[in-house]
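Please look through the model before reading the points below. They cover aromatic contacts and a few backbone details.

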Amino acid sequence: MNTFTRKTLYAAVAGAATIGVASTARAVNVSADGLGQVLIYPYYTVKNNAAGQAYNTLMSVVNTTASTKAVKVRFREGRNSVEVLDFNVFLSPFDVWTAAITPGVGITGTTDFGAQIQTADKSCTIPSFPANGNGVQFRTLGLESGDNAAARTQEGYIEVFEMATMTGATAAKALHVNGTPACGITDAGAAADQAPPGGGIFGGLTIVNPAGGGAFSQAATALANFNPAAAYSTTGNLSPQYADAVP
């Protein structure tokens with residue numbers, strides 16, 4: 001499960017650490033306690049083991065604060081760090097959002113199956129996940145069709161960026177009441193209700209093999225003091241990204 005190049009990921013973490021040393025004014029830094037504004041999950045996979053049994057990757061994002069947060073969740077495939085899926089999640093105070101990355105639908109007559117994400121979590125998202133629990137397939141539009149495009153989504157890494165603290169109607173819609181939020185959040189409403197981010201998120205994942213047994217867990221690397229400005233962005237937008245760090 002170590003077949004892809006992590007150059008981009010390592011450069012991002014190393015660069016953040018260097019900036020933190022170089023500046024004394026709340027520069028972005030790798031968090032010592034695992035809490036921050038940005039989370040980097042180093043590896044997900046749905047590839048098969050030697051016996052042909054597929055791995056699943058279970059991930060979580062945790063809001064440890066009393067504020068409602070809008071976060072961007074982005075998946076990148078492992079070969080060239082091409083984005084294969086992104087969406088926005090609205091975390092109510094002290095909320096935990098969970099999902100599973102599982103094998104997706106294969107191309108008929110081949111073994112070139114990709115990855116998909118499934119969740120039964122009730123936290124609000126844009127876009128919404130299928131109500132029937134079906135998975136959302138990872139995209140292959142940015143990948144070469146002749147280069148195992150679907151299979152390239154089988155492994156990679158995950159980025160989570162806190163974009164803003166939510167206030168007003170958006171925060172009210174994201175709030176869990178008896179376990180279920182009202183939702184109905186729009187991009188326009190979220191942009192109008194955004195306030196500066198405050199950090200305080202952490203996450204982790206567990207890679208399991210349901211058929212073959214075995215599991216191991218990873219904590220996400222957290223970057224603190226990433227950017228003090230609210231920066232809500234719609235699904236498909238390239239921002240937030242590492243270049244948005246301030247200072």
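1. How does Asn225 count by relative accessibility: buried, partly exposed or exposed? At 22% relative accessibility, Asn225 counts as partly exposed; buried means under 20% relative accessible area, exposed over 50%, and partly exposed in between (1.4 Å probe, protein chains only). Asn225 sits in the segment after E16 and has a positive phi of about 55 degrees without being a glycine.

2. This is a predicted model, in which local features need pLDDT of at least 70 and side-chain atom pairs count only at pLDDT 80 or more, while totals for chains, interfaces and linings use all residues. Residues are numbered from 1 along each chain as its sequence is written, and side-chain values use heavy atoms, leaving out hydrogens and water.

3. The whole structure holds 10 aromatic pairs (rings of Phe, Tyr and Trp, the last by its six-membered ring, with centres within 6.5 Å; planes under 30 degrees apart are stacked, over 60 edge-to-face, the rest tilted). Tyr44 and Phe75 are edge-to-face, because their centres lie 5.9 Å apart and their planes stand at 80 degrees. Tyr44 belongs to strand E2 (residues 38-45) and Phe75 to strand E4 (residues 68-77), 31 residues apart; strands (E, at least two residues) are DSSP runs, numbered from the N terminus.

4. Phe75 also pairs with Phe138, tilted, at 4.9 Å centre to centre and 45 degrees between the planes. Phe75 and Phe138 are both buried.

5. Ser81, in the loop between E4 and strand E5 (83-91), is a non-glycine residue with a positive phi of about 60 degrees.

6. The peptide bond from Ser239 to Pro240 is cis, with omega near -5 degrees.

Key
Helices (H or I, at least four residues) and strands (E, at least two) are DSSP runs, numbered from the N terminus.
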